[in-house]
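Subject: Structure for you, with notes

Hi,

Here is the structure I promised to pass on. My notes follow below it.

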Amino acid sequence: MVRESCEPSVATYNAMIQMHCRKDSVENAFFLFDEMVSRGCPPNAMTYNAVIGELDQVKGFVGRMVLEGCEPETQLFNVLIRHSCAVGEFERAIGKF
């Protein structure tokens, strides 16, 4: 796309980030996230939801999300609960509920 002078949209970045997360290529997902921001394409709730599910440092990233003006939605809390359960933090998961 970029080679053809067509800037990727937030939807394009989201699709690519989600694909990398599903394929266990989290480093590439984070690279795309940083590229997205550096190109002036603001991430939305869907972008954050995709990467937050892959983070060990969830709190810091949720804080970044809020600081950048992207309000958490129900889907984010679902991701946080799923992540907490996956790492055995059941009390934290119940606290999100």
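Predicted model: local features only at pLDDT ≥ 70, side-chain atom pairs only at ≥ 80, totals over all residues.

Helix 1 itself comes next. It covers residues 10-22, which makes 13 residues. At 1.5 Å a residue the helix should span 18 Å, and its end C-alpha atoms are 18 Å apart, so expectation and model agree. Which residues of helix 1 are buried? They are Tyr13, Asn14, Ile17, His20 and Cys21. These residues cover an arc of only 130 degrees around the axis, which puts them on the same side of helix 1. The general rule behind this: an α-helix has 3.6 residues a turn, so residues three or four places apart point the same way. The face turned away from the buried side carries the exposed residues Ala11 and Arg22. Helix 2 and helix 3 are among the parts that cover the buried residues of helix 1.

Alanine 50 gives a close-up of that cover. This residue lies in helix 3. Its relative accessibility is 14%, under the 20% cut-off, so alanine 50 counts as buried. Setting aside neighbours within four places in sequence, alanine 50 is in contact with Ile17, Gln18 and Cys21. Two of these contacts, Ile17 and Cys21, are also on the list of buried residues in helix 1. Alanine 50 also has a C-alpha to C-alpha distance of 9.0 Å to leucine 76, and the two are 26 residues apart in sequence.

Now the aromatics. A search of the whole structure finds 1 aromatic pair. The partners are phenylalanine 33 and tyrosine 48, with ring centres 5.5 Å apart. Their planes stand at 70 degrees, so the pair is edge-to-face. Phenylalanine 33 belongs to helix 2 (residues 26-38) and tyrosine 48 to helix 3 (residues 45-52). The pair links distant parts of the chain, 15 residues apart. Are these two residues buried or exposed? Phenylalanine 33 is buried, at 1% relative accessibility. Tyrosine 48 is buried too, at 0%.

On to charges. The structure holds 2 salt bridges. One joins the side chains of glutamate 7 and arginine 39, at 3.1 Å, N to O. Glutamate 7 lies in the segment before helix 1, and arginine 39 in the loop between helix 2 and helix 3, so this pair ties together parts that are 32 residues apart in sequence. The other joins glutamate 35 and arginine 39, at 3.7 Å, N to O. Shared partners join Glu7, Glu35 and Arg39 into one network. Arginine 39 counts as partly exposed, at 39% relative accessibility. Glutamate 35 is also partly exposed, at 22%.

Last, the totals. The protein chain has 6 helices and 0 strands. From the N terminus on, the elements run α-α-α-α-α-α. Buried residues make up 34% of the 97 residues. Among contacts between residues at least 6 apart in sequence, 47% join residues at least 24 apart. The accessible surface comes to about 6,400 Å², and 54% of it belongs to carbon and sulfur atoms.

Best wishes

Conventions
Residues numbered from 1 in each chain as written. Heavy atoms only, no water. Phe/Tyr/Trp six-rings, centres within 6.5 Å; stacked < 30°, edge-to-face > 60°. Helix = DSSP H or I, 4+ residues; strand = E, 2+ residues; numbered from the N terminus. Buried < 20%, exposed > 50% of the residue type's maximum accessible area, 1.4 Å probe, protein only. Expected span 1.5 Å × (residues − 1). Arc of directions from axis to C-beta. Contact = heavy atoms within 4.5 Å. Areas by Shrake-Rupley, 256 points an atom, 1.4 Å probe, with all protein chains shown as cover. Salt bridge = Lys/Arg side-chain N within 4 Å of Asp/Glu carboxyl O.
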